[in-house]
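Hi,

Here is the structure I promised to pass on.

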Amino acid sequence: MAKEKQQLPRKEGSFEIKQSSELGRVETDKLSLLGEFEREILGILEGRSIKLDASSVPQDLEKKLIELTNRYMSNW
Amino acid sequence: MSAMGNEKIELILENVGGLLNEHKFTLQKGINVIRAPNAAGKSSFIKGLQLATLPAAALKNPQMLGLIHRTARKGRVEFSGSVQLSREFKVENDGIYASGKTLHADGIKANTLSIVTPENELLSRIETGKSVRDLFEEFSGAKYYTFMENWLVKLEKETKLKLDEYRENERELEQLTRLKEELISNLKRLEKELNDLPLIEDIKSAVEEDKKKKEFEKIHSEHNSLKDQIRDLQRDIEKWTEILKQNEKSLKENEDLKNRFFKEHPNKDLEEKNINKKIEELRETIKTKREEGAMKYSALEIARSMKSKSDFSKLGRCLACGQSVTHEKVTKWIEELEKQEQDLRNEVQPVKEEINTLEKQKERLNKEFLQISKSVIEQIDKLNNNIKDIKTTRIQKYQDDKKKNEELLDPLTKKLEELSKKLDSRVRELYEKRGKLEGQISETEKRLKETNGEIEKYAEIETEIKKIRTKLEFLKAATGHFRVQGNTVRKAIIEKFSERIMKVYQSLGFSDFKNIYLDDNFNLKIERKGFVGDVHDLSGAERATIGVILILAGKEEYLKGYPFFAMDEVILAYDRLRMKRIIEYVKEHSPYVIVTSLATEGQEGIKIHYGANALA
């Protein structure tokens with residue numbers, strides 16, 4: 001019994017480590033997804049001669065941005 | 001724009017600013033001082049550069065109309081030699097329509113960082129102590145981050161609104177799920193109670209009364225089934241009465257909409273005709289004011305020409321009409337005409353705005369009329385048909401069926417009562433209990449089936465809600481990401497730029513300030529003798545100098561290799577030494593430096609002087 005009790009915290013500890021490393025992996029995946037999203041967005045925006053204003057976005061640009069956002073959102 | 005071997009640039013300005021018809025100039029590498037008397041087209045030269053620089057979208061603005069001669073409908077700017085470019089312009093009411101490439105791909109940036117006039121946006125921000133954040137964001141990649149952060153926030157708001165629309169459905173779904181659980185639990189309890197009832201056959205007296213029991217059982221079953229049917233019909237009646245109420249409510253709303261429109265607009269055609277008439281009148285007003293303006297301008301041209309002609313002062317009379325006039329009288333006449341012309345220009349703008357308001361009012365009227373005459377009236381017809389159909393084919397029919405069943409139920413109830421009197425009291429009690437339980441079970445099963453059907457309808461909505469929640473989570477993370485990245489980029493711009501300003505400042509040989517830099521909000525800060533202040537602590541001359549230095553630093557950072565730098569002399573006229581140093585510095589970094597300057601008395605038209613000595 002005493003032996004079992006001694007083993008218990010180690011099990012909990014290893015479980016916790018696994019959990020946090022898994023969380024870390026998820027966070028890293030999401031960060032790289034956001035980084036990729038940023039690169040693709042800049043690819044669309046760079047070189048556009050119009051003044052960018054979020055309250056009135058040209059239709060073609062809005063369409064592209066929505067498509068891209070939906071694509072990344074579905075992988076979130 | 002393309003560069004050739006020849007270092008001279010031949011420039012043609014046609015109907016640009018105050019220059020009517022075609023005017024040719026030659027620019028040489030180095031310093032070009034454009035000298036002209038007042039109102040002789042000195043600023044037209046700068047306007048020519050602006051026309052060559054600004055993108056078509058920026059020129060399509062009524063405020064830009066002053067770049068082309070007010071009596072002309074078209075204009076042209078042509079560069080040949082070392083720099084080649086050809087742009088043509090057409091004047092319309094809403095601005096200037098340009099064709100041909102600009103001197104720089106980002107014309108707004110080139111205009112701000114290479115043409116220094118009192119109207120320069122960057123210069124006036126420094127002079128008034130305002131932040132230059134948006135301008136620097138526009139010149140750099142930071143604008144993409146700001147735009148994306150704002151766009152994502154907007155999208156997040158829209159998505160939240162969409163989720164709110166589903167909130168009511170979500171609440172209804174929760175209620176249905178709770179009802180389903182309650183019904184399942186009730187059903188289990190009722191079935192257990194039914195199973196726990198003793199069998200009829202277990203009662204001895206009942207066995208003895210087998211015949212009576214069978215007849216009772218048959219009537220009891222018929223009675224139960226009839227009661228079920230009546231209950232179902234009652235439920236149908238209630239359900240369709242509710243649907244009827246909803247249809248009637250919807251009908252009332254649509255009729256209110258229609259009545260309100262026709263009350264507000266009893267004669268739509270007449271109303272539209274009156275608006276059109278008013279618009280025509282206002283257009284006529286604009287036309288009259290423009291014609292008047294053109295006349296004033298012609299008179300102004302004559303007056304200016306009289307003033308510039310030396311013979312006039314000798315003769316002392318008008319060359320056109322021969323009347324006796326003095327120099328002072330002509331000067332006063334010019335001032336009055338300039339004021340009248342400006343007043344006419346100011347009067348046109350509110351009339352244009354009024355026309356715009358009326359156009360919008362007309363558009364709204366037609367849009368509402370179209371909506372009422374099509375969708376609302378169609379909806380009213382549809383709802384009227386629905387109501388009629390529900391009343392006659394649904395509710396009436398169910399009520400008739402229910403009445404028929406109730407008539408059948410009465411004799412059965414009587415017969416059942418008679419038979420039950422003949423039965424053993426325990427058997428009778430058992431039948432009553434069983435009948436009651438079976439009825440409750442059947443009712444609960446039906447309600448459960450209906451509830452399941454309702455829940456199934458919400459399955460798609462539930463998936464949609466889940467999708468929206470994931471989207472919101474992504475948008476929140478993406479907004480944060482662009483905010484953080486944008487801040488990093490902005491910080492880098494501030495650091496790099498602050499370093500660049502000091503570098504240019506020191507290169508010019510100035511040492512009045514220990515440090516000049518942009519703070520976190522892109523406000524200019526100045527450190528002098530251990531004291532940090534802003535532009536409000538500087539004199540007008542110091543502000544102008546630092547403003548020009550900021551523009552120069554901007555040109556070196558964001559407009560490297562651009563061949564032109566133009567400056568109006570008035571900006572630094574009070575400090576000739578500083579201006580000379582600045583111009584000498586610009587010459588080292590920009591192949592063509594253009595300075596506009598007021599000519600000494602007696603000069604006619606525009607003359608270009610070349611080289612540093614021309615500045616004296």
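Where the two chains meet, chain A puts in 17 residues and chain B 19 residues. Keep in mind that this is a predicted model. On the side of chain A that touches chain B, helix 1 (2-45) and helix 2 (59-74) of chain A each contribute at least two residues. Helix 1 of chain A gives the largest share of that side, seven residues. Sorted by class, the side of chain A that touches chain B comes out at 13 nonpolar, two polar and two charged residues.

Next, a helix pair within chain B. The axes of helix 3 (residues 107-114) and helix 14 (residues 540-558) of chain B come within 8 Å and cross at roughly 140°. Angles over 145 degrees would count as roughly antiparallel, but helix 3 and helix 14 of chain B are oblique to each other. If you want to find the contact on screen, look for Lys109(B), Leu113(B) and Ser114(B) in helix 3, which meet Ile551(B), Gly554(B), Lys555(B) and Tyr558(B) in helix 14. That contact has three nonpolar, two polar and two charged residues.

Chain B also has an open sheet of three strands, in the order 9-10-11 and with antiparallel pairing. Strand 9 (515-518) and strand 11 (531-534) of chain B are at the edges with a single partner strand each, so one side of each has no neighbour in the sheet. On average, neighbouring strands here are turned by 25° against each other, direction ignored. Strands 9 and 10 (residues 524-528) of chain B pair over four bridges, and Asn515(B) has Glu527(B) in strand 10 as its bridge partner.

Cheers

Technical notes
Residues are numbered from 1 along each chain as its sequence is written. Chains are lettered from A and ligands numbered from 1 in the order in which they are written. This is a predicted model: local features need pLDDT of at least 70, side-chain atom pairs count only at pLDDT 80 or more; totals for chains, interfaces and linings use all residues. Two residues are in contact if their C-beta atoms, placed from the backbone, lie within 7 Å. Ala, Val, Leu, Ile, Met, Phe, Trp, Tyr, Cys and Pro count as nonpolar, Asp, Glu, Lys and Arg as charged, and the others, Gly among them, as polar. Axes are lines fitted to C-alpha atoms, for helices over the stretch in contact, and angles run from 0 to 180 degrees between N-to-C directions. Angles under 35 degrees count as roughly parallel, over 145 as roughly antiparallel, 65 to 115 as roughly perpendicular and the rest as oblique. Two strands pair if DSSP finds at least two bridges between them.
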